[in-house]
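Biologist: Please put the model up. Then let us go through it by question and answer.

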Amino acid sequence: MNQFQYTRPAETTAAVKLLSKEPNSHFLAGGTNLIDMMKMGLVVPDKLIDINRLPLKKIEKAAAGIHIGALATNSEVAEHDYIKTQYPLLALAINAGASPQLRNMATVGGNLMQRTRCPYFFDTAMPCNKRTPGSGCGAMDGINRMHALFGASDKCIAVNPSDMNVGLAALDATIHVTGAKGMRTIKIADFHRLPGDHPERDNTLHKGELITSVELPVASSAYNKHVYYLKIRDRTSYAFALVSVAAALHIENNTIVGARMAMGGVAHKPWRLATAEAFLKGKAVNEDNFKQAAQIAMQGAKAYEYNKFKLKLAPNAIVQSLKMATGLVS
């Protein structure tokens, strides 16, 4: 491991200033992703800026919904009473990720920044446009069973690995950031990028910006009774999703008033199922409508040599998550 400088500011403005001054510096919070990448030579920083002393850990109710500090751990968020009662889909999604030990360390901000777990990204002997732009995509013609169905490009077919991000996408979260030019907000739908011609860019943060909090709108708390997070993976514990589905429905008199749905394991960003949501609105709660919604959600899907099974797995997962959320199956 190369030598690097380490600093631990106590104020947010100081942390942002430090990052802006040093091009090859990185914020350090829980370190559950960053430290792994440093060990493997994927990230070789000149400076680590430890932000754990910053006042960004609070989880607070507000008139607009709830604010979750960027340094709140995944465990703290998932076990927070207000989140469990008003935004249970987020708690379910977080608890489906990693292991209890990692959730105790991983932070909300770090999880939003989490990088892909594509094996070609982690293998420095293989080409990867995300790791080394212009080198090629080893997964394209390689072992690609974990890879994207939606939004991929000829430069990258990797997927976002986070379960928390899928829950946040379904709940219309807003991300608050601060930087040298001041504060701004980013909708979760606009935070993560599709690969396009620049798969090395995971998100729309500007250089020197720091995530300070995540806000869940009060409108999303209406989707707190009929919820389910389904994660299909190779083993039950500590594995990334082949396909995951976050489903939350607002139901009155057996009619779906509204739906919030997103998928993980299928795209470079959490994949919101907006067309399926629109179809379900005003429909009765039954399996036939769920199957139609699943087929609509799969429009535009493209599989590769080893992930063709996802073309059947993904719609089945959508139907199952909706059935679990509505109690059609337990």
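Biologist: How do the residues that line the second largest cavity divide into nonpolar, polar and charged?

Modeller: On a 1 Å grid over the protein atoms alone, a cavity is a set of points where a 1.4 Å probe fits but cannot get out, and a pocket is an open set with protein on both sides within 12 Å along at least five of seven lines; lining residues have an atom within 4 Å of a point. Ala, Val, Leu, Ile, Met, Phe, Trp, Tyr, Cys and Pro count as nonpolar, Asp, Glu, Lys and Arg as charged, and the others, Gly among them, as polar. The lining includes Lys-130, Asp-202 and His-268. It divides into two nonpolar, five polar and three charged residues.

Biologist: What pLDDT do side-chain atom pairs need in this predicted model?

Modeller: Residues are numbered from 1 along each chain as its sequence is written, and side-chain values use heavy atoms, with hydrogens and water left out. The model is predicted: totals for chains, interfaces and linings use all residues, local features need pLDDT of at least 70, and side-chain atom pairs count only at pLDDT 80 or more.

Biologist: Which residues are closest to the centre of the largest cavity?

Modeller: The search finds three cavities of 30 Å³ or more. The largest has a volume of about 70 Å³ (grid points are joined across faces, edges and corners, and a volume is the space filled by probe spheres set on the points). Of its 15 lining residues, the closest to the centre are Cys-118, Cys-128, Cys-137, Cys-156 and Ala-158.

Biologist: Which elements give two or more residues to the lining of the second largest pocket?

Modeller: This pocket has a volume of about 260 Å³. Among the residues closest to its centre are Arg-117, Met-146 and Phe-240. Elements are DSSP runs numbered from the N terminus: helices (H or I, at least four residues) and strands (E, at least two). Those that give two or more residues are H8 and S9.

Biologist: How many residues apart in sequence are the parts that Asp-202 and Lys-130 tie together?

Modeller: Their side chains meet in a salt bridge at 2.6 Å, N to O (a side-chain nitrogen of Lys or Arg within 4 Å of a carboxyl oxygen of Asp or Glu). Asp-202 lies in the loop between H10 and S8, and Lys-130 in the loop between H8 and H9, so the parts are apart by 72 residues.

Biologist: Are Asp-163 and Lys-231 buried or exposed?

Modeller: They form a salt bridge too, at 2.8 Å. Asp-163 lies in the loop between H8 and H9 and Lys-231 in S9, so the pair ties together parts 68 residues apart. Buried means under 20% relative accessible area, exposed over 50%, partly exposed in between (1.4 Å probe, protein chains only). Both residues are buried.

Biologist: Why does Lys-291 count as partly exposed?

Modeller: Lys-291 meets Glu-287 in a salt bridge at 3.7 Å. Both lie in helix H12, four residues apart, about one turn of the helix. Lys-291 counts as partly exposed because its relative accessibility is 42%.

Biologist: What is the handedness of the crossover from S2 to S3?

Modeller: Strands S2 and S3 pair in the parallel sense over four bridges (pairing needs at least two DSSP bridges). Phe-27 stands opposite Ile-49 in S3. A crossover is right-handed if, with the strands pointing away from the viewer, the path from the first strand over the helix to the second runs clockwise. The chain crosses from S2 through helix H2 to S3, and this β-α-β crossover is right-handed.
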